[in-house]
Amino acid sequence: HNDGYDNIFVSFTLNGNKLTLSNQNLNQGLIVKSGDGNVSQDFKEVKLNYIIFDGKSDIPIYVVYTR
């Protein structure tokens with residue numbers, strides 16, 4: 001997520017290949033409201049779907065990381 005801030009870390013919980021994200025207050029006033037995703041069996045692809053509140057509005061984020 002290109003939020004304009006450096007060093008923002010979000011914690012997901014991994015259960016099998018499913019990722020879940022609980023509400024988290026981040027630095028700079030950002031809030032992660034909720035999220036989920038999954039990891040491929042070989043860990044070469046991660047898909048995330050989450051919502052960030054930037055102090056004004058909700059920003060839905062969908063990302064795919066591959067290696």
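**Close-up views of an all-strand chain**

**View 1. Overview of the chain.** The chain has zero helices and six strands; helices (H or I, at least four residues) and strands (E, at least two) are DSSP runs, numbered from the N terminus. This is a predicted model, in which local features need pLDDT of at least 70, side-chain atom pairs count only at pLDDT 80 or more, and totals for chains, interfaces and linings use all residues. Residues are numbered from 1 along each chain as its sequence is written, and side-chain values use heavy atoms, with hydrogens and water left out. Of the 67 residues in the chain, 22% are buried (under 20% relative accessible area, with exposed over 50% and partly exposed in between; 1.4 Å probe, protein chains only). The chain exposes about 4900 Å², and carbon and sulfur atoms supply 47% of this area (Shrake-Rupley method, 1.4 Å probe; for residues, only the protein chains shown count as cover).

**View 2. The largest nonpolar core.** Eleven residues form this core: L19, L21, L26, L30, V32, V39, L48, Y50, I52, I61 and V63. A nonpolar core is a set of buried Ala, Val, Leu, Ile, Met, Phe, Trp, Tyr and Cys residues joined through side-chain atoms within 4.5 Å. At least two core residues come from each of β2 (18-21), β4 (31-39), β5 (45-53) and β6 (58-66). Strand β5 gives the most, with three residues. In soluble globular proteins, nonpolar side chains tend to be buried together.

**View 3. Surroundings of V32.** Leaving aside residues up to four places away in sequence, V32 touches V10, L21, S22, N23, Q24, L26, I51 and I52; a contact means heavy atoms within 4.5 Å.

View 4. Strands β2 and β4 run antiparallel and are joined by four bridges; two strands pair if DSSP finds at least two bridges between them. L19 has G37 in β4 as its bridge partner. Strand β3 (residues 24-25) also pairs with β4 in the antiparallel sense, over two bridges, and N25 stands opposite I31 in β4. The hairpin of β3 and β4 has five residues between the strands, and Q28 there takes a positive phi near 65°.

**View 5. The β4-β5 hairpin and F53.** Eight bridges pair β4 with β5 in the antiparallel sense. Five residues lie between these two strands, and F43 in the turn has a positive phi of about 60°. I31 stands opposite F53 in β5. F53 is partly exposed, with a relative accessible area of 24%. Not counting residues up to four places away in sequence, F53 touches G29, L30, I31, K33 and D58. The C-alpha atoms of F53 and K33 are separated by 6.8 Å, with the two residues 20 apart along the chain.
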